[in-house]
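Subject: Structure handover

Hello,

Here is the structure for your review. My notes follow below.

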Amino acid sequence: MVQHVSKLNRNKAFKFLAFQMVLGMVLSVLVGIIWEVRTGQSFAIGVLLDVLPSFVFTIYAFRFTGARRIQHVAASFYRGETVKILITGAALVVILQNLPVVFPALFVGFLVMKVSQFFQTIFF
């Protein structure tokens, strides 16, 4: 039973990440059409800057299940969040140093994905 609930929650989390990715890419195309291509690309990079580390966190968060393994569950959440923050920070530094991005568009793409996470409890 616990395994079933865990798989159900893991599947919901991955479905939401897919939803975020599709939403972000649609918005990126719209931004690119309305403004310019580089702005749309920067928006898409901002989306990826949130979604990819969230994917890594989801893998870590759902590694263990069950009341007997509560310490493992808590530790995997902690590790997952730590790795997510480190990946996000490192990726941001690499992107800003190496890619010609429009920073406001990148930042807005990142923020839109953060705000969309509040919809997870409504739709998923």
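Start with Ser 54, which sits in helix 2 (residues 37–61). Helices here are DSSP runs of H or I with at least four residues, numbered from the N terminus. Ser 54 is buried at 6% relative accessible area; buried means under 20%, with a 1.4 Å probe and protein chains only. Leaving out residues up to four places away in sequence, Ser 54 touches Leu 17, Lys 84 and Gln 117 (contact: heavy atoms within 4.5 Å).

This is a predicted model, where local features need pLDDT of at least 70, side-chain atom pairs count only at pLDDT 80 or more, and totals for chains, interfaces and linings use all residues. Residues are numbered from 1 along each chain as its sequence is written, and side-chain values use heavy atoms, without hydrogens and water.

On confidence: pLDDT, the predictor's score for each residue from 0 to 100, averages 85 over the protein chain. At least 70 is reached by 89% of the residues.

Now the packing. The axes of helix 2 and helix 3 (residues 70–98) come within 8 Å and cross at roughly 155 degrees. Axes are lines fitted to C-alpha atoms over the stretch in contact, with angles from 0 to 180 degrees between N-to-C directions. The pair is therefore roughly antiparallel (over 145 degrees). The contact residues divide into 13 nonpolar, four polar and three charged.

Best regards

Terms used: Helices (H or I, at least four residues) and strands (E, at least two) are DSSP runs, numbered from the N terminus. Buried means under 20% relative accessible area, exposed over 50%, partly exposed in between (1.4 Å probe, protein chains only). Angles under 35 degrees count as roughly parallel, over 145 as roughly antiparallel, 65 to 115 as roughly perpendicular and the rest as oblique. Ala, Val, Leu, Ile, Met, Phe, Trp, Tyr, Cys and Pro count as nonpolar, Asp, Glu, Lys and Arg as charged, and the others, Gly among them, as polar.
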